[in-house]
Number of protein chains: 2
Amino acid sequence: MLKFNQDGLIPVIVQDIKSNKVLMLAYMNAEAFKKTLETQKAHFFSRSRNKLWLKGESSGHYQFVKEIYVDCDEDTLLLKVEQIGGACHKGYYSCFYRRLEDKQWKIIDKKIFEPKKVYKEEE
Amino acid sequence: MLKFNQDGLIPVIVQDIKSNKVLMLAYMNAEAFKKTLETQKAHFFSRSRNKLWLKGESSGHYQFVKEIYVDCDEDTLLLKVEQIGGACHKGYYSCFYRRLEDKQWKIIDKKIFEPKKVYKEEE
């Protein structure tokens, strides 16, 4: 029923279930979707590393999936999650920590962790 | 600075600025981004119709853009908008009107308009 794209992927919006903050956009293949359902932890397909990726596997910053929504066209998913630590590998709670102001991207959030201390490998 | 994909597009998450409800995922090309900045109304690139698309052009259901965010990788945008009418061409406020329950997609929102009455052409 889900429509995966020509690369076998579907975009997934991840939202904090408590604050409703949008945390990130990632991609799942069919296996990542299956693993997410089985474990209730968000799994994605890493396009840069070309492999299945358990979010938090190196950082401990897991996303516990509470609700899963599909859009009208069945080609996008929305996960509502409990986020451990922060979602962004740059050290922010959300990947959307920059807002357009006067034609420039301005950082509007504070770092909550130091990536070098958290990642054994780049996530 | 924005990273458009191999099709010249960037995915855009649209979120209601008042309720923080996630409304839809759509795609912009460079022109749609420019038009959005100029007009403060969300413009997208329609992949099905292969053309620039002013959201609301046939329905009147415009999205007035209040804030624009970019993610860490600069390959996804987040718009916070004031949504007129409903975002979904199926008649719902949000495109994410179905939630996974007992392995089935269950409609959890109410229709707020009748698409046949609103659309002169399919949006």
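Which strand of chain B is joined to E7(A), and how do the two run? Strand E5 of chain B, residues 63-70, is the partner: two bridges link this strand to E7(A), and the two run antiparallel. Strands count as paired here if DSSP finds at least two bridges between them. Within this pairing, A:Arg98 sits opposite B:Val70 of E5(B).

A word on what you are looking at: this is a predicted model, in which local features need pLDDT of at least 70 and side-chain atom pairs count only at pLDDT 80 or more, while totals for chains, interfaces and linings use all residues. Residues are numbered from 1 along each chain as its sequence is written, chains are lettered from A and ligands numbered from 1 in the order in which they are written, and side-chain values use heavy atoms, with hydrogens and water left out.

Now step back to the whole interface. Chain A and chain B each give 37 residues to the contact, meaning heavy atoms within 4.5 Å. Together they bury about 3,100 Å², 66% of it on carbon and sulfur atoms; buried area is the accessible area (1.4 Å probe) that two parts lose on being put together, summed over both.

Charged side chains take part too. The rule finds six salt bridges across the interface, each a side-chain nitrogen of Lys or Arg within 4 Å of a carboxyl oxygen of Asp or Glu. In one salt bridge, A:Arg47 meets B:Asp75 at 3.4 Å, N to O.

Note on methods
Helices (H or I, at least four residues) and strands (E, at least two) are DSSP runs, numbered from the N terminus.
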